[in-house]
Structure formats: structure tokens, C-alpha cells
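Dear colleague,

I am handing over the structure we spoke about, with the sequence alongside. Please look it over first, and then read on for what was found in it.

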Amino acid sequence: PQTDIVFLKVHKSASSTVMNILFRFGETHNLTFAFPAGGGFQLYYPHHFLARFVQGFSPRSPRRFNILCHHMRFLQPEVQKVVPSSAIYFSILRNPVQLMESSFVYYKGASAFSRVRSLEEFLSQPQLYYNPSSGDRHYARNLMTFDFGFNPDGDVSPERVQLMIKAIEASFNFILISEYFDESMVLLKEMLCWDLDSVVFFPLNTRDSRSKASLSDSAVEKIKAWNRLDWEIYTHFNRTFWERIERDIGRQRVQREVEALRARQAELARTCLQGTGSVAPKDIQDSSLRPLQHGGARILGYNLKPGLDAELERTCRRLVTPELQYSSALYKKQFPPKPP
């Protein structure tokens with residue numbers, strides 16, 4: 001199994017669920033994580049990543065970390081200073097239409113969104129609300145382009161788009177697609193030589209469906225035009241994702257593996273969870289399992305069954321622990337606080 005991994009955690013693209021998979025794998029195999037210095041949750045985002053943002057990194061010591069997976073703005077020469085040269089690089093993309101609808105709710109406080117009542121209102125005259133020089137502009141335009149390290153306000157000529165795509169292909173071994181999450185987990189398992197239980201998951205950091213807006217056809221077209229760079233990146237990698245599946249695994253085997261993954265998930269849900277699945281934040285009984293609530297989104301979580309034996313309780317708890325709590329626990333394990 002591959003143990004040296006760089007995951008570019010793109011915002012609002014099911015990446016918290018992928019991060020949980022990496023946290024569990026790393027914890028099980030005693031791997032080290034490239035944590036943000038001081039135990040924060042982002043690698044000095046939205047600045048381009050620098051090796052010195054990582055806790056325990058020193059230019060004088062050749063120490064390398066196994067897994068880099070916290071939010072960052074990608075800059076490969078700096079990333080290479082903190083991970084082994086054998087590291088596998090991957091990321092995940094989401095349809096920019098759904099991504100923008102999600103960002104609008106989640107980042108309602110961002111300067112571009114704060115003065116409008118609805119996403120439709122923003123899209124009617126985006127230039128009126130969007131300031132290319134504001135520090136949080138990326139939440140409102142070409143967010144994936146920005147996370148990959150490029151300029152979200154850049155020229156959308158075919159030449160520039162091709163250069164961006166080529167640069168991503170040169171840096172990343174493969175790209176997952178969040179709309180095909182189960183198939184993506186099968187591809188991840190295959191590329192990293194992991195077993196099924198390593199990629200099994202319960203969806204994390206997901207919104208209550210009541211806070212999701214349906215979009216008119218004209219809004220969809222406006223989002224694609226406004227996020228043209230994201231749209232070009234997404235459509236390219238959505239196509240190559242399926243080419244990769246055909247070439248490396250084959251559709252029939254993927255289907256069988258997806259069925260096995262879903263069966264294992266259903267079995268774990270029956271074993272671990274009270275009720276049938278996720279619950280509203282107010283209904284989460286264990287406060288340590290309550291996800292951070294942000295913007296106008298209601299982020300769902302889980303309740304574990306009482307009375308599980310210790311080993312099973314640990315397995316189940318890892319599957320449902322929100323990103324911030326899990327990250328803090330692993331940070332304390334890797335960098336134990338010094339006794340007074």
C-alpha cells in the first residue's frame with residue numbers, strides 16, 4: 001500500500017470525507033501528517049503553500065511527512081520539500097454549478113456575497129459585487145482554479161486553459177470526481193493499493209437538504225460562464241476520469257467494487273449508527289461529534305449506538321469524527337504537549 005500521499009483538498013467538493021479516509025489510514029498505519037504550524041486547520045490559506053507553514057518542518061533537517069492533506073493553495077516546489085519524492089498526488093473536483101451554489105451558502109460572509117440576498121441576484125451583475133483585489137474573492141469565482149494555484153481572474157483563452165490542464169496533469173497522478181464518489185473511492189483504492197475498509201466512508205461535512213437551492217437554467221448557464229476556468233478544468237477531468245476507469249479497472253469491475261463498497265457501508269451503518277444515517281446538528285448527542293457550523297449551511301453529523309465494545313466503538317467513532325476534532329486529536333498525538 002502507498003503511504004506517501006499529497007491530497008489537494010479543494011473546497012466544498014466532498015474533500016472532508018476524503019480527508020477522514022486519509023486520517024484513518026494514517027492513524028492505523030502510524031504515519032506522519034504535515035500539519036499546519038501551531039495546530040491550525042489550514043496551511044495559511046489563501047496564500048500559496050510554503051514548506052515553513054508545516055509544523056516541525058526545518059530547511060536544515062531533511063524530515064519528510066507521509067501525508068499532506070489540509071487546505072492549501074497548491075505550489076508544488078514547496079510541497080516537494082515536505083513529502084517524500086515517491087509521494088502520490090491526487091485531488092477531487094466538483095461540478096462548478098453545484099460548487100458555486102454550495103459556496104454561496106457556506107461563504108455567505110465573503111465580501112462578494114454579503115450584499116446580495118440570493119445567488120441569482122449576484123449572478124445578475126457579478127462585477128458589481130465582485131472585487132478582484134479583495135482577499136476573499138476566490139470564494140466567489142473559479143474556486144478550484146484558485147486552489148490549484150492559478151489566477152481565478154485569468155484569461156479564458158483556449159491556450160491558457162490548455163496550459164492549466166497540462167500543469168495539473170504534470171503534477172497530479174489522478175483526479176477524483178465528487179459526483180461519482182463511490183467510483184472515485186474504487187479508483188483511489190486501486191491507485192493506492194489499499195483494501196476496501198480503508199476507503200469505506202460515511203459522508204462528512206454535508207448540508208441539510210433544506211439549505212440547498214434549486215437553480216434555474218439561466219442561473220446554471222451564468223455560473224458556467226462566470227466560472228469558465230473551473231468549468232473547463234472540470235469537464236476535462238470528468239472525461240479523463242472515465243477513461244482512467246475504463247483503462248485501469250474496467251466498468252464491470254468498478255460496478256462490482258462499488259456494490260461491495262455500498263454493502264460494507266450499509267453493514268457499518270447498521271453496526272455503528274443510531275437511526276438510519278445523518279442527523280441535524282441539534283440532534284447530535286455527543287458534542288465531540290458535532291461538526292463546525294458555518295455560514296448559512298446546516299452541517300449534519302451522526303450518533304453512535306450506545307454499548308458498542310471498545311474496539312468497535314473506536315472503529316465507528318473514527319468514521320464519524322468531524323474533520324476539526326480528528327485533526328486536533330492526531331496533531332496532539334504527533335506533537336504531544338510538553339509537560340509543564
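How do the residues of the lining of the largest cavity divide into nonpolar, polar and charged? Before the answer, please keep in mind that this is a predicted model. The lining of the largest cavity is made up of six nonpolar, four polar and two charged residues.

To place that cavity, the structure holds one cavity of 30 Å³ or more, and the volume of the largest cavity is about 60 Å³. Its lining is formed by Pro-96, Leu-99, Met-100, Ser-103, His-138, Tyr-139, Ala-140, Arg-141, Asn-142, Leu-143, Asn-227 and Asp-230. Helix H3, which covers residues 96–106, supplies the largest share of this lining, namely four residues.

Turning to the cysteines, you will find that the structure holds one disulfide, in which Cys-272 is joined to Cys-316 with an S to S distance of 2.0 Å. The torsion about the S-S bond of Cys-272 and Cys-316 is about -70°, and the disulfide is therefore left-handed. This pair links distant parts of the chain, since Cys-272 lies in helix H12 (residues 251–272) and Cys-316 lies in helix H13 (residues 310–320), with the two cysteines 44 residues apart. Cys-272 has a relative accessible area of 0% and is buried, and Cys-316, at 0% relative accessibility, likewise counts as buried.

Two further cysteines deserve a word. Cys-69 is in no disulfide, and the nearest cysteine sulfur to it, that of Cys-193, is 20 Å away. Cys-69 is buried, with a relative accessible area of 0%. Cys-193 is also in no disulfide, its nearest cysteine sulfur being that of Cys-69 at 20 Å; Cys-193, however, is exposed, with a relative accessible area of 54%.

With best regards

Definitions and conventions. Residues are numbered from 1 along each chain as its sequence is written. This is a predicted model: local features need pLDDT of at least 70, side-chain atom pairs count only at pLDDT 80 or more; totals for chains, interfaces and linings use all residues. Side-chain values use heavy atoms; hydrogens and water are left out. On a 1 Å grid over the protein atoms alone, a cavity is a set of points where a 1.4 Å probe fits but cannot get out, and a pocket is an open set with protein on both sides within 12 Å along at least five of seven lines; lining residues have an atom within 4 Å of a point. Grid points are joined across faces, edges and corners, and a volume is the space filled by probe spheres set on the points. Ala, Val, Leu, Ile, Met, Phe, Trp, Tyr, Cys and Pro count as nonpolar, Asp, Glu, Lys and Arg as charged, and the others, Gly among them, as polar. A disulfide is a pair of cysteine sulfur atoms within 2.5 Å. Buried means under 20% relative accessible area, exposed over 50%, partly exposed in between (1.4 Å probe, protein chains only).
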